[in-house]
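Subject: Structure handover

Hello,

Here is the structure you were expecting. Please open it first, then read on.

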Amino acid sequence: MTDSTVEVARPPELDEFIKENHKKKFRFGVIAALLCAVYWGVWYVPGSAIWEMPDFLPALGDKIAAEGFGTDANALMCCVLLCLVNAIIDTLILFIWNGALGKIGELKRTFVEFKAANIYFVYAGICGAGAVFGTYVAAQYLSPGFAAVAGVLYALVGTVMSVLYLHQKVTKRGYIAIFIMIGGAVVLFSGTMMGSESPNMTLGILGGVMCAVCWGLEGTFAGKALDYCEPDCGIQLRFFWEMVLWIIACVVLAAAGVPIFSTISTVITEPSILLVVILLGFSFAWCYVTWYKSFPFIGVARGQAVGSLYAACSIIFMFLFFGIDRAIGGSDMGHVLPVIGGLIICLFGSYLIATEDAEGLVSLKDDSVMGGE
Amino acid sequence: MITGAPLKFRIMELLSKKNMWNYEIVDALQDEYHHTSQMGRDNINYDCIEMVSAGFSKEIEWAIDTDGSKFDSKHPGRLLTKYELTSYGRDTLNELIAKVRNYTPDE
């Protein structure tokens with residue numbers, strides 16, 4: 001550097017400055033993933049309340065039942081409509097978000113480069129749709145606790161895929177932390193799963209598997225595209241494609257005689273439903289924004305592992321808004337102790353990730369890809 | 001030259017020609033991408049940082065912008081970084097060039 005306006009500091013000071021910048025970058029990624037966990041946890045509050053708005057999903061269930069469809073079909077159609085509404089509100093909120101950040105131009109550029117960029121968000125949207133649908137099905141047919149545990153296992157799928165497909169670096173400490181956090185979430189919900197009964201266990205388990213596999217795969221496709229696209233634009237496109245997918249699904253169902261759109265107007269006409277839908281959209285959109293922002297800084301495996309703290313956050317928010325019985329299934333020691341144990345294990349796992357050596361993670365790519373560079 | 005593509009595509013293309021400082025990349029792209037505000041300039045810089053994580057580029061030199069004249073006059077003392085495209089970044093750029101809608105080879 002020869003320019004007089006830029007002064008090269010003494011090497012030790014500069015070294016410290018560089019290290020501090022790398023740490024700052026890593027810290028930003030961890031904080032983004034933590035915020036994702038908080039927003040994801042918050043999402044369970046409007047996500048539960050929406051099922052209790054009599055004019056929306058319960059009314060849809062009644063109308064579908066009146067058409068002669070069975071109980072399972074009835075519940076699945078309600079999940080489909082909720083997925084559609086969720087995708088529409090998220091797409092709208094993220095469009096406003098991108099406008100406020102001045103990224104509409106970049107959004108357009110990413111959209112039109114279909115083969116080079118947008119296609120990965122189509123894949124992410126399809127996987128995301130499967131994951132959201134799976135989580136609703138698992139929650140309906142088994143328990144919200146089972147759905148949350150199944151969801152947490154996405155970090156396992158995401159870790160395997162980020163190493164095999166994205167060739168991202170995961171240190172021994174990273175692996176240990178990821179497994180500890182997944183284990184913590186399983187312990188956390190173990191009390192809620194005791195003695196739960198299901199009208200259709202197979203459908204519930206299938207929903208759980210969809211949830212874990214699809215969210216893991218979504219993170220992988222998103223991670224691939226985010227290497228050369230803006231996270232804010234990427235997440236907008238991912239929700240756009242999910243919305244397109246659900247519109248197609250709902251139109252096909254409507255054509256088949258299912259009155260799927262019969263109560264959708266209440267989202268606009270009933271202020272209380274509108275408010276819950278907006279809260280649903282804000283919490284989910286923000287959760288995704290922070291999730292996608294964490295990937296370029298700490299990698300898909302770490303981002304998903306820290307994001308899996310949503311399980312702990314969901315219990316906290318459900319407890320605050322709906323009481324202990326709704327949050328963990330009961331107030332006896334059999335329910336409370338696993339939650340306390342799970343929270344401690346999760347905290348230990350996040351501590352291991354947050355204190356990982358940032359210098360080794362300046363580049364997240366594995367040496368096999370970088371060729372020792 | 002790639003035109004009308006996401007910002008990171010162009011950053012890779014610039015780095016494929018020569019190693020550059022972050023403020024040089026920002027100066028070269030801010031008009032093309034209408035990112036002339038401080039927030040826009042920060043966005044370009046942010047993309048440069050993300051590309052190191054992705055393994056497309058690596059940091060090869062550092063300096064401190066003591067008087068803020070290079071990057072941000074309101075916040076002097078920022079770290080300036082010089083980047084080099086990695087071989088993985090070069091391979092990725094070639095893959096992207098084959099897929100983008102508008103690419104005109106340099107004469």
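First, the ground rules. This is a predicted model, in which local features need pLDDT of at least 70, side-chain atom pairs count only at pLDDT 80 or more, and totals for chains, interfaces and linings use all residues. Residues are numbered from 1 along each chain as its sequence is written, chains are lettered from A and ligands numbered from 1 in the order in which they are written, and side-chain values use heavy atoms, with hydrogens and water left out.

Chain A

Chain A has 16 helices and 0 strands. Helices here are DSSP runs of H or I with at least four residues, strands are runs of E with at least two, and both are numbered from the N terminus. Along the principal axes, the C-alpha atoms of chain A fill a box of roughly 80 × 55 × 35 Å.

Of the 373 residues in chain A, 55% are buried. Buried means under 20% relative accessible area, exposed means over 50%, and partly exposed lies in between (1.4 Å probe, protein chains only).

Val30(A) and Gly303(A) are 273 residues apart in sequence, yet their C-alpha atoms are 7.2 Å apart in space. Val30(A) sits in helix α1 (residues 11–49). Val30(A) has a relative accessible area of 9%, so it is buried.

Chain B

Chain B has 4 helices and 3 strands. Their order from the N terminus is α-β-α-α-β-β-α. The radius of gyration of chain B is 14 Å, close to the 13 Å from the globule rule for 107 residues, so chain B is as compact as a globular protein of that length. The box around its C-alpha atoms is roughly 40 × 25 × 25 Å, again along the principal axes. Buried residues are 55% of the 107 in chain B.

Surface patches

Two patches are worth a look. Patch residues have over 30% relative accessible area and no salt bridge; like charges are joined within 9 Å, and nonpolar side chains (Val, Leu, Ile, Met, Phe, Trp, Tyr) within 5 Å. A salt bridge is a side-chain nitrogen of Lys or Arg within 4 Å of a carboxyl oxygen of Asp or Glu.

The negative patch holds Asp15(A), Glu16(A), Asp357(A) and Glu359(A). Asp357(A) is in the loop between α15 (333–354) and α16 (367–370). Asp357(A) counts as exposed because its relative accessibility is 51%.

The nonpolar patch holds Leu153(A), Leu156(A), Tyr175(A), Phe179(A) and Val186(A), with about 390 Å² of accessible area together. Helix α8 (residues 172–190) gives the largest share, 3 residues. Leu153(A) is in the loop between α6 (144–152) and α7 (154–164). At 33% relative accessibility, Leu153(A) is partly exposed.

Positive phi

Which residues other than glycine have a positive phi? His167(A) is one of them, with phi near 55°. His167(A) is in the loop between α7 and α8 of chain A, and is partly exposed at 33% relative accessibility. His34(B) also has a positive phi, about 55°. His34(B) is in the loop between α2 (22–29) and α3 (38–53) of chain B. With 67% relative accessibility, His34(B) is exposed.

Best wishes

Notes. Accessible areas come from the Shrake-Rupley method with a 1.4 Å probe; for residues, only the protein chains shown count as cover. Lys and Arg count as positive and Asp and Glu as negative; His and the chain ends are not counted. The place of a charge is taken as NZ of Lys, CZ of Arg, CG of Asp or CD of Glu. The radius of gyration is taken over C-alpha atoms; the globule rule is 2.2 Å times the number of residues to the power 0.38.
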